[in-house]
Amino acid sequence: MKITILKENLSKGLNIIGRIVSTRGSLEVLSNILIKTDKGRVCLSATNLEVGINYMVGAKVESSGAITVPARLFTEFINSLPGEKVTLELDGDTLRCKSDNYQSSIKGISADEFPLIPEIKTEKTFSIKASKIKEAISLVGFAAATDDTRPVLAGVYMKMDGSKITLATTDSYRLAEKVVELADEKIKKNEIIVPAKTLLELGRVLGELEEDANVNVYLSDSQILFEADGLDFISRLIEGQFPNYKQIIPESSDTKAKISKDELLSAVKIASLFARENANSIKVAVKTKGLVEVDSGGSQVGDNTAKITAEVKGKDTEASFNGKYIMDVLNAVRESEVSLEISGKLNPGVVKTVKDKNYTYIIMPLRN
């Protein structure tokens with residue numbers, strides 16, 4: 001194998017695929033990336049056995065071949081080079097790298113030992129703009145469970161029906177749902193669960209691509225493929241039945257407050273400083289006179305109250321919630337205003353975006 005490639009393009013590809021390189025795997029080759037020639041281009045690949053990434057980079061290919069090299073060393077080395085072009089030449093299992101006045105040799109592992117990243121050979125299920133799927137992932141991914149006690153709760157539920165895709169997550173204490181509408185596309189009915197960690201990583205990877213890039217999605221019985229701009233992102237699916245979460249979404253609320261997202265976030269952040277020893281319990285009171293009070297009283301270290309003006313409809317009410325769960329959604333939402341809905345101490349609280357009617361976030365109350 002002998003190739004010449006622009007350093008900038010190689011660095012971009014390495015930074016994209018390097019996100020999912022395994023650092024604790026039992027197989028040494030999993031901490032490596034695969035470099036191989038493919039039809040006049042270079043394919044960079046990485047896998048942690050749950051997720052696989054292929055990324056195609058344009059290059060001048062003089063001779064074909066394949067090798068795996070340590071991901072961290074190779075990426076840091078390429079990013080540190082001053083030149084514009086890099087020549088990579090394979091000598092047995094050693095990759096010789098040349099750029100201007102630099103010459104290096106990196107010991108690799110045979111490409112034959114690299115796990116096969118499966119190809120999903122099916123018809124395309126749907127297409128979506130990178131910006132749309134990235135936003136949807138950011139609005140729901142954080143609410144999934146972070147452990148595998150119940151695997152389905154560590155995943156993102158995706159329901160495809162007609163021209164809509166519904167993404168939902170829950171860890172039993174909160175729920176996030178985002179409905180994405182697709183233009184000029186009809187999708188067959190289907191329901192799958194994708195690991196939340198995988199989709200959050202996909203969101204970060206898509207951040208490296210153009211926002212208007214088309215992402216094509218393919219499905220098999222056990223895997224999903226996201227394809228865009230030379231990128232193949234492949235993940236396993238989670239088996240099981242996602243909870244029937246629709247039944248816990250309130251049909252109406254006693255009180256609604258339209259409030260500045262940033263002001264509410266600031267108030268909850270400060271209140272959380274006083275609520276650390278109290279299960280991070282934050283009391284939120286909505287007043288019909290146009291105020292939302294955020295209170296972390298009852299702590300041994302002190303107390304704090306913040307008052308925020310809001311547009312209120314309904315009656316005076318209050319409830320206590322985990323402050324972290326409120327901050328999570330406010331950090332994810334891009335809009336400047338949110339709608340906060342509360343129906344008493346024992347009922348779930350609801351956060352919605354004012355302009356986007358397709359997003360709902362539910363928080364279960366804390367009983368003090």
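Entry 1, helix α2. I am working with a predicted model, and I began by looking up which residues of α2, which spans residues 71-80, are buried: they are A71, F74, T75, F77 and I78. Looking down the axis of α2, I find that these buried residues fall within an arc of 165°, so they line one face of the helix. I then asked what covers the buried residues of α2, and the list includes the helix α1 (7-17) together with the strands β2 (32-38), β6 (66-70), β7 (85-91), β8 (94-99) and β9 (102-107).

I searched the whole structure for cavities of 30 Å³ or more and found one; the largest cavity holds about 60 Å³ of space.

I count 16 salt bridges in the structure, and I looked up some of them in detail.

R19 pairs with E208, with 3.0 Å between the closest N and O atoms. Because R19 sits in the loop between α1 and β2 and E208 in the loop between α4 (196-206) and β15 (214-219), this pair ties together parts that are 189 residues apart in sequence. Both partners are partly exposed, R19 with a relative accessible area of 34% and E208 with one of 31%.

K246 forms a salt bridge with E177, and here the closest N and O atoms are 2.7 Å apart. K246 belongs to the loop between β17 (231-236) and β18 (255-260) and E177 to strand β13 (residues 174-181), so the pair links parts that are 69 residues apart in sequence. Is E177 buried or exposed? E177 is buried, at a relative accessible area of 7%, whereas K246 is partly exposed, at 48%.

K324 and D328 meet through their side chains at 2.8 Å, N to O, and both lie in helix α6 (residues 323-332), four residues apart, which is about one turn of the helix. I noted that K324 is partly exposed at 40% relative accessible area, while D328 counts as buried at 18%.

Methods: Residues are numbered from 1 along each chain as its sequence is written. This is a predicted model: local features need pLDDT of at least 70, side-chain atom pairs count only at pLDDT 80 or more; totals for chains, interfaces and linings use all residues. Side-chain values use heavy atoms; hydrogens and water are left out. Buried means under 20% relative accessible area, exposed over 50%, partly exposed in between (1.4 Å probe, protein chains only). Helices (H or I, at least four residues) and strands (E, at least two) are DSSP runs, numbered from the N terminus. The arc is that of the directions from the helix axis to the C-beta atoms. Contact means heavy atoms within 4.5 Å. On a 1 Å grid over the protein atoms alone, a cavity is a set of points where a 1.4 Å probe fits but cannot get out, and a pocket is an open set with protein on both sides within 12 Å along at least five of seven lines; lining residues have an atom within 4 Å of a point. Grid points are joined across faces, edges and corners, and a volume is the space filled by probe spheres set on the points. A salt bridge is a side-chain nitrogen of Lys or Arg within 4 Å of a carboxyl oxygen of Asp or Glu.
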